[in-house]
Amino acid sequence: MVEPRSIFISATDGLQLHVRLWGENRRGHLPLLCLPGLSRNTADFEVLAQDMAAERLVVAVDYRGRGLSAWDPVWTNYSLPVELGDLTSVATAIGLAHAIFLGTSRGGIHTLLMAASRPGMVKGAILNDIGPEVDPTGLARIKSYLGKLPEPASMAAAVALLKSVAAAKFPAFSAADWERQAAAMWVMRDGKLIRSYDPALVKTLEGLDFDAPIPTLWPQFDGLAKVPMLSIRGELSDILPVEVVQKMSARRPDLEVFTVPGQGHAPALTDQPSIGRIAAFCRHCDGLHH
């Protein structure tokens, strides 16, 4: 086991951001920067990072209000522009001039936005169950339960609660997968389980109008045309439709596409086929960069 290191970095407004690092920077191997989903945190990448740390530095970031990062008293700062600024601050603080980006869901949107704001930084892009278009069905589902689940009395209850909400979308999950998911979503504080994100995060979804078209990110996607890209899709995803992956492939025939069987939004990236595919993609990026 590689012992992860936790560091805290100040955002431009002084808020403390948590960053987790595994392994070391190795010559000839690009760092891998892991960005979680909307309410998720660095714990999601532990299994993958343990595997990858033997050959490269792996960095994961808790956005403000998630994981071990401080909660923001102004909930409107839980926005893509503010978070993108935070990621830039983190990269500067740890001396990350470029990296392979692995973005799950919201993290993939940040990858596309980072490519637009700091084009030289992204040397490879792995988009985990996200594309330039988002299926409103999945967003409506996330909005329906985010912040609305009862606080479980124990980790066993947390696992049961998660299964009641998500088992249909994750038939391939093992008992260990469910336990890992629950342990990332709830943390024990003062003898009781609380969510590992600021409940105010839910307010960012309240204004979503599912009848209005959701903005697309095709220009940002096209901006990554010269950067290797791997699209990972959960077979049962309701966020990334197959048709969007087909449109992505039509726009760039070199797009690598990998489907994770028996998982929905978003694949956990803890199974060996997914980890192996990510490792092979990272080595491909190393070869192009050096």
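# A tour of the sheet, its helices and its loops

Start at L269, which is buried, with a relative accessible area of 3%. This is a predicted model. L269 sits in the loop between β10 and α10. Its phi is near 60 degrees, a positive value in a residue other than glycine. For context, most residues other than glycine have a negative phi, and most peptide bonds are trans.

The peptide bond joining H265 and A266 is cis, with omega at about -5 degrees.

Next select P267, placed in the loop between β10 and α10 (272-289). Is P267 buried or exposed? P267 has a relative accessible area of 3%, so it counts as buried. Show what surrounds it: leaving out residues up to four places away in sequence, P267 touches N128, D129, I232, R233, G234 and V260. To get a sense of scale, draw a distance from the C-alpha atom of P267 to that of S154; the two are separated by 25 Å and lie 113 residues apart along the chain.

**The sheet**

Now switch to a cartoon view and colour the strands. An open sheet is formed by 8 strands, in the order β1-β2-β4-β3-β5-β6-β9-β10, with mixed pairing. At the edges are β1 (5-10) and β10 (256-260), each of which pairs on one side only. On average, neighbouring strands of this sheet are turned by 20 degrees against each other, direction ignored. Strands of a sheet pair through backbone hydrogen bonds, either parallel or antiparallel.

Show the side chains of β4. In a regular strand the side chains alternate between the two faces of the sheet. In β4, V58 and A60 are on one side, V59 and V61 are on the other, and all are buried, which leaves both faces covered.

**T42**

Which residues does T42 contact, leaving aside its neighbours within four places in sequence? They are H18, R20, W22, A60, V61 and D62. With R20 there is also a polar contact of 3.1 Å between the side chains.

Select α3 (residues 106-117). This helix lies across β3, β5 (99-104) and β6 (122-128), running at about 140 degrees to β5. In the loop between β5 and α3, find S105. S105 is not a glycine, yet its phi is positive, at about 55 degrees. With a relative accessible area of 12%, S105 is buried.

Then select α9 (residues 242-251), which lies across β6, β9 (229-234) and β10 and runs at about 170 degrees to β9.

**The nonpolar cores**

Select L33, F101, V122, L224 and M248. In the largest nonpolar core, of 52 residues, these touch the most other members. Helix α3 contributes the largest share of this core, 5 residues. Centre the view on M248: not counting residues up to four places away in sequence, M248 touches L127, I130, G131, P132, W218, F221, S231, L240 and L255. A second, separate core has 25 residues, including V58, I100, V260 and C285.

**An aromatic cluster**

Last stop: the aromatic rings. The whole structure holds 4 aromatic pairs. One of them joins F170 and W178, edge-to-face, at 6.5 Å centre to centre with 80 degrees between the planes. Both of these residues are buried. F173 and W178 are also edge-to-face, because their planes stand at 75 degrees, with the ring centres 5.0 Å apart. F173 is buried as well. Select F170, F173 and W178 together to see one aromatic cluster.

Key. Residues numbered from 1 in each chain as written. Predicted model: local features only at pLDDT ≥ 70, side-chain atom pairs only at ≥ 80, totals over all residues. Heavy atoms only, no water. Phe/Tyr/Trp six-rings, centres within 6.5 Å; stacked < 30°, edge-to-face > 60°. Buried < 20%, exposed > 50% of the residue type's maximum accessible area, 1.4 Å probe, protein only. Core = buried A, V, L, I, M, F, W, Y, C linked by side-chain atoms within 4.5 Å. Helix = DSSP H or I, 4+ residues; strand = E, 2+ residues; numbered from the N terminus. Contact = heavy atoms within 4.5 Å. Pairing = 2+ DSSP bridges. Axes fitted to C-alpha atoms, helices over the stretch in contact; angles between N-to-C directions. Polar contact = N/O pair within 3.5 Å; in protein donor to acceptor, adjacent residues only side chain to side chain.
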